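Hello,

Here is the structure I promised to pass on. My notes on it follow below.

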Amino acid sequence: MNKTQLVIGVDYGSDSVRSVLVNTANGQEIASSVYEYPRWRDGLFCEPGINQFRQHPQDYIDGLEATIKDCIVQAGGSSIVNSIKGISVDTTGSTPVAVDDSGTPLALTSGFENNPNAMFVLWKDHTAVKEAAEINAHAALFDINYLQYVGGIYSSEWFWAKLLHVLRVDETVRNATASWVEHCDWIPFLLTGGTDAKAIKRGRCSAGHKALWAEEFDGLPPDEFFSALDPLLKGFTQKLYKDTYTADQPAGTLSPEWAQRLGLSTEVVVGTGAFDAHMGAVGGQIEPYYLSKVMGTSTCDILVAPTANMQGKLVRGICGQVNGSVIPGMVGLEAGQSAFGDTYAWFKSIISWPINHLLSKSTTIDEDTARALKAELSDLIIPELSAQAALIPVDELNELAVDWLNGRRTPDANQELKGAITGLSLGSNAPRIFRSLVEATCFGAKSIVDRFVAEGIPVKGIIGIGGVAKKSPFVMQMMADVLGMPIRIHQFKHTCALGAAMFAAVVAGIYPTVEEAMTAMGGGFNEEYNPNAGLTAIYNKRYEQYQHLGEFVAGQTGKTIAAELQNS
């Protein structure tokens with residue numbers, strides 16, 4: 001084992017952080033460890049009713065140390081530490097935070113420990129809907145379209161909208177803010193012992209897809225674009241950056257402090273960070289024009305195309321197209337759905353209400369039995385719903401849903417949209433409603449594929465990665481049927497973390513390119529879902545119904561917003 005070169009991939013998800021220790025020779029997982037964020041688990045600093053979702057940096061730090069140390073212990077402790085050559089990190093995004101001059105998140109400084117505005121603003125936080133709308137209206141006033149490389153629409157899930165919202169609503173945070181940093185950029189800065197916010201290496205991935213950075217603009221849009229939007233942003237670009245770095249470039253080496261904390265050498269190379277889906281696409285062995293769908297609480301869809309093929313092409317309504325954001329030398333295109341697994345979890349929560357709230361009041365069973373029964377039923381609900389829903393024939397008159405329970409990410413971002421279910425009757429039961437929700441998420445996936453194709457970007461097939469892809473044959477088969485194309489499922493369980501490990505192998509100099517790391521460490525696919533041609537016609541009709549229902553919901557949302565503005 002001592003002669004084996006190992007790397008660590010760290011994957012920060014919405015609920016937890018996972019680290020994997022990987023053999024660079026073949027991509028074998030040597031050890032894996034997961035840490036659930038305790039503050040997030042307890043619902044601290046979040047208000048779902050107003051779409052506020054914040055995470056405390058201390059959860060990130062504690063999870064980073066705990067999972068890496070656990071992986072090392074599992075793999076043999078001190079006997080293997082000299083074999084560990086690199087660490088790379090992916091995170092959710094856009095998940096930025098306000099930092100002071102030293103690059104320390106304000107929530108880690110005195111007076112801000114329990115202030116949600118001083119914490120990381122999670123990707124699915126939609127408190128900045130108003131600011132996003134203002135950015136979109138403002139951009140239309142300029143001769144240069146500064147939104148052209150992010151699909152033409154700026155989202156409330158992204159960097160500038162969240163920054164402006166926090167500056168507006170919290171004067172104390174505003175006065176203490178020296179810069180604004182993405183989660184994926186801060187963790188490498190932390191590991192390398194950074195002490196100056198101006199020296200943070202900013203990843204090409206996060207900057208290009210969420211912060212309006214573009215090679216064609218020679219960096220970020222000019223200060224006048226932002227200061228004319230709101231004087232609070234005057235001079236803010238000077239607090240940020242001009243240059244960006246692709247994830248195959250090192251951010252530095254482990255600082256003495258973190259080397260000691262982890263029991264590793266200061267020679268361990270730390271890679272520049274990127275978003276989870278982008279590194280996950282690499283872990284899933286993405287190929288040009290194959291859409292990599294990272295399917296978890298939301299979906300993030302990644303497609304890569306040779307740079308030469310993208311000259312003059314701008315895809316409307318997606319989450320950006322950035323040269324080198326996934327694989328250096330290719331343009332990375334991002335799309336996705338704001339709620340995917342979250343849609344199923346929402347319905348599970350709805351039908352679990354009696355279990356969650358009434359079992360504890362039962363006089364028939366004791367407290368321990370009630371707790372055990374609750375846990376058992378919770379694990380059974382989605383698998384049993386899936387089994388029963390799979391038995392329901394596809395019919396034009398089935399219940400129909402729209403999947404915008406957390407707004408619409410793509411195509412054409414609009415986080416103010418809401419979900420809907422129609423066609424309900426006294427015969428509508430839990431499996432039938434669940435089926436309509438799964439179908440809606442598959443239709444949402446089809447709308448993304450259709451947009452790429454309509455914009456001249458072919459989609460040759462689907463690569464499925466993430467929890468839903470691995471755990472739900474029912475969802476995957478329906479998606480293959482709806483899309484009318486095969487879906488290959490990558491064999492590696494923790495694909496985003498594997499992608500991070502591949503980048504770690506590159507920054508450590510073990511492989512010269514990302515493509516070579518993918519070939520050596522990939523491992524291929526272990527399952528494929530093929531479409532049922534007999535269902536094509538009926539799903540095409542159902543998709544038309546989905547589109548019409550979506551148009552109605554969007555129209556009603558527009559009327560509601562207009563009325564609110566008129567009354568405000």
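The protein chain holds 19 helices and 20 strands. Keep in mind that this is a predicted model.

Overall build first. The C-alpha trace spans about 65 × 60 × 60 Å along its principal axes. For 568 residues, a compact globule would have a radius of gyration near 24 Å, and the protein chain has 23 Å, so the two agree. Of the 568 residues, 57% are buried.

Next, surface and charge. The protein chain exposes about 22,200 Å². Carbon and sulfur atoms supply 52% of that area. There are 62 negative side chains and 43 positive ones. The centres of the two sets lie 1 Å apart.

Now helix α10. It runs over residues 276-283 and includes His-278. How many of the eight residues of α10 are buried? Eight of the eight, so the helix is mostly covered by the 20% cut-off on relative accessible area. They are Asp-276, Ala-277, His-278, Met-279, Gly-280, Ala-281, Val-282 and Gly-283. After α10 comes Gln-285, with a positive phi near 55 degrees.

Setting aside residues up to four places away in sequence, His-278 touches Cys-205, His-209, Ile-302, Ser-325, Val-326 and Glu-334.

The other site I looked at is Ser-255. Where does Ser-255 sit? Ser-255 is in the loop between β9 (250-253) and α9 (256-262). Is Ser-255 buried or exposed? Its relative accessibility is 7%, which is why Ser-255 counts as buried.

Neighbours within four places aside, Ser-255 is in contact with Leu-191, Thr-192, Gly-193 and Thr-266. Phe-189 is 66 residues from Ser-255 in sequence, yet their C-alpha atoms are 9.7 Å apart in space. There is a local polar pair as well. A polar atom of the Ser-255 side chain lies 3.2 Å from the backbone nitrogen of Trp-258.

Best wishes

Definitions and conventions. Residues numbered from 1 in each chain as written. Predicted model: local features only at pLDDT ≥ 70, side-chain atom pairs only at ≥ 80, totals over all residues. Heavy atoms only, no water. Helix = DSSP H or I, 4+ residues; strand = E, 2+ residues; numbered from the N terminus. Rg over C-alpha atoms; globule rule 2.2 N^0.38 Å. Buried < 20%, exposed > 50% of the residue type's maximum accessible area, 1.4 Å probe, protein only. Areas by Shrake-Rupley, 256 points an atom, 1.4 Å probe, with all protein chains shown as cover. Lys, Arg positive; Asp, Glu negative; His and termini not counted. Charge placed at Lys NZ, Arg CZ, Asp CG, Glu CD. Contact = heavy atoms within 4.5 Å. Polar contact = N/O pair within 3.5 Å; in protein donor to acceptor, adjacent residues only side chain to side chain.
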